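Try each one with the model open, then read the worked solution.

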Amino acid sequence: RDVVAVYRAGLRLYTIDPVTRQLSNITDAGVGSISVPTGGEGLCLYRSTASGSTYAFVISRAGTVAQYELDDEDADGLVGATRVRLWSLTSEAEACVADDETGDLYIAQEDVALWRYGAEPSDGTSSDDRTAVDRVIGDGGRLAPDIEGLALVENAPGQGFLIVSAQAGSDTSNYFA
């Protein structure tokens, strides 16, 4: 089933009624949200082709990244989450997007770079385990600081675009790359 994930006082999961287009909370938590001790600012989902599991990445404003495996362990139709990975980027980050086809996870560290990590729970999280896709202008890259949003657009199987958006102090400085 299709799942929508949001961060609201924790991780919340919803399903969409195809007729009414209304959301129904399917989060397996008595308070409506799954506790995320790191807090949350950015959020993206990843479906592993290797295991078939679905994961949520929650990024705190301080740059902590937590990966949760989504599951329905008690088969009651409600989705829970187990943290499987945790690491820090050491400065502000908000945006992420995962590529289900390639197993890549992209994270925007706002004033530093756009990073590519592996999205599988067994993938590394050190600075040696990531690749800079691009950097901010002051660090030799093409991206304006304050990288805010990421999106993947598929053109055809195996082909597409990674769109990066930045938010700046004025509307004239906002951009997409």
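Two strands pair if DSSP finds at least two bridges between them. Strands (E, at least two residues) are DSSP runs, numbered from the N terminus. This is a predicted model, in which local features need pLDDT of at least 70, side-chain atom pairs count only at pLDDT 80 or more, and totals for chains, interfaces and linings use all residues. Residues are numbered from 1 along each chain as its sequence is written, and side-chain values use heavy atoms, with hydrogens and water left out.

**Exercise 1.** Find the bridge partner of A166 in β14.

*Solution.* Start with the two strands: β13 and β14 (residues 175–176) are antiparallel and share two bridges. Now look across from A166, and you will meet Y175.

**Exercise 2.** Follow β13 back to β12: how many bridges join the two strands?

*Solution.* First locate β12 at residues 147–156 and β13 at residues 159–166. Eight bridges hold this antiparallel pair. Finally, inspect the hairpin, where two residues sit between the strands and G158 has a positive phi near 80°.

**Exercise 3.** Work out the strand order of the open four-stranded sheet, and name its edge strands.

*Solution.* Reading across, the order is β8-β9-β10-β11, paired antiparallel. The edges are β8 (93–99) and β11 (131–135), each pairing on one side only. On average, neighbouring strands here are turned by 20° against each other, direction ignored (axes are lines fitted to C-alpha atoms, and angles run from 0 to 180 degrees between N-to-C directions).

To finish, zoom in on β8: six bridges link this strand to antiparallel β9 (residues 104–109), and V97 faces Y106 across the pair.
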